Amino acid sequence: MEKILDIIDMIAYEKNIEPEIVCNIVKEGLIKIAQEEISPDYEYFVEKDTKNRTLKLFYKIAVCADDDKRLEENSLGVIAISKVYQEAQNMGQNINIGDILEYELSLDSMKRGAINKLFLTLELNLQRQIEEQLLSDLKSKVNKIVAGVVVGIDKDENTFVEINGIQALLAKKNRIKGEHFKVGQTIRALLKFVGIGKGGIRLELSRTAPKFLEELLTLEVPELKDEEIHIYKSARIPGERAKIAIFTNNTRIDPIGCCVGVKGVRINAVSSELNGESIDCIEYVQTPEIFLAKALAPAQVLSIKLQPHNEDSQQKFAHKAIVQIRSDQKSKAIGKNGINIRLASMLCNCEIELVEVGAPTHNDEMTLQDTRESKVEKTGIDALQSLFKN
């Protein structure tokens, strides 16, 4: 087993693991084999011999009195002082009861079966370490975008994607409506879940989560990556339309303009990845009423009144918003198939009730104009006289 440290370095390089981790696995394997092949009564430890590029295995024995009861039990972890005292004296060493003696075990003298068992244990522990490291790396990428190659599609239209040698599942429900993938195609998705199942590591992907939209936009917009612009929240109806609320603390930056890009190049790139999903960028403001009014765009609202739900009520949203809107703006507020009002509701976390207010008639407009004109004409002496009228 000469040059064992060189072998450890080579294994570490091939498996992409830190050499110290591999070395510790080998040390643990050596100690385990020694316990099985020699005796579990000894205390073993392994040291590096960097000069000879090898590992040395030692065991410890405690020096005890000649009448120690452990000697009667034939314990291998102790030795009578009388057996080692003379030898120590000859070597110029002073030994007392309670001292610990260390003896080296020659690795070359190990049986062939023990060596085979050592390498089998090493292989198993290395594989476990690789899986643990891979699992840790994957968990750090949860809610991040990952790329993989499509390796299969089952009869239920679930897509299987290979990522770093592990098969991930992109379920049909987590796929944008209208999307179709082919085997061999490289796709991007959000890593939604990482866990351990009966078959090993289990990965779940999603292309419908709002977080996928946010991560895609972050890749396209440097200001988001540099945290000059922040995402407050996003809402999606996958494949149809999405709204994303953004804000910035830098007054010199236009958050909407940065996210949309010149001639819409940035937002269009994200929309293309999402199978043509229409994306509205909204500037977030802390005033809930103003934020809701922006979320209902392109509709123009007249007034908004928020009403909190009772704590005991089983409501999905925390508030209810009474929104007054003119008749000609109602269809815009609702949107096609109710998409606009649903997205605004999700984005602002409130139930929205539209109260339709009729548009002013022509006569009402004339009366309002006459009133304004009469107020304008009351100037000078007429205005002064009106102050003294009862």
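Colleague: Is Cys258 buried or exposed?
Modeller: Keep in mind that this is a predicted model. Buried means under 20% relative accessible area. Cys258 has a relative accessible area of 14%, so Cys258 is buried.

Colleague: Which cysteine sulfur is nearest to that of Cys258?
Modeller: The structure holds 0 disulfides, and Cys258 is in none. A disulfide needs two sulfur atoms within 2.5 Å. For Cys258 the nearest cysteine sulfur is 6.7 Å away, and it belongs to Cys259.

Colleague: And what about Cys259, how far away is its nearest cysteine sulfur?
Modeller: Cys259 counts as buried, at 0% relative accessibility. Cys259 is in no disulfide either. Its nearest cysteine sulfur is that of Cys281, at 5.0 Å.

Colleague: Now the charged pairs: how many salt bridges does a search of the whole structure find?
Modeller: One of them joins Glu277 and Arg236, with the closest N and O atoms 2.9 Å apart. Glu277 sits in the loop between helix 9 and strand 12, while Arg236 is in strand 10, 41 residues apart. Both Glu277 and Arg236 are buried. The search of the whole structure gives a count of 20.

Colleague: Why does the salt bridge of Arg266 and Glu223 tie together parts that are 43 residues apart in sequence?
Modeller: The closest N and O atoms of Arg266 and Glu223 are 3.2 Å apart. Arg266 counts as partly exposed, at 21% relative accessibility. The pair ties together separate parts because Arg266 lies in helix 9 and Glu223 in helix 7.

Colleague: Glu215 and Lys211 also form a salt bridge, but which of the two counts as buried?
Modeller: Their closest N and O atoms are 3.5 Å apart. Being 4 residues apart in helix 6, Glu215 and Lys211 are separated by about one helical turn. Lys211 has 32% relative accessibility, so Lys211 counts as partly exposed. At 13%, the buried one is Glu215.

Colleague: How is the aromatic pair of Phe45 and Phe58 arranged, stacked or edge-to-face?
Modeller: Phe45 and Phe58 are 5.1 Å apart, centre to centre, with 10° between the planes. Planes under 30 degrees apart count as stacked. So this pair, which ties strand 1 to strand 2 across 13 residues of sequence, is stacked.

Colleague: Which residues do ring pairs link into a cluster?
Modeller: A search of the whole structure finds 8 aromatic pairs. Ring pairs also build a cluster. Its members are Tyr42, Tyr44, Tyr59 and Tyr103.

Terms used: Residues are numbered from 1 along each chain as its sequence is written. This is a predicted model: local features need pLDDT of at least 70, side-chain atom pairs count only at pLDDT 80 or more; totals for chains, interfaces and linings use all residues. Side-chain values use heavy atoms; hydrogens and water are left out. Rings of Phe, Tyr and Trp (its six-membered ring) pair if their centres lie within 6.5 Å; planes under 30 degrees apart count as stacked, over 60 as edge-to-face and the rest as tilted. Helices (H or I, at least four residues) and strands (E, at least two) are DSSP runs, numbered from the N terminus. A salt bridge is a side-chain nitrogen of Lys or Arg within 4 Å of a carboxyl oxygen of Asp or Glu. Buried means under 20% relative accessible area, exposed over 50%, partly exposed in between (1.4 Å probe, protein chains only).
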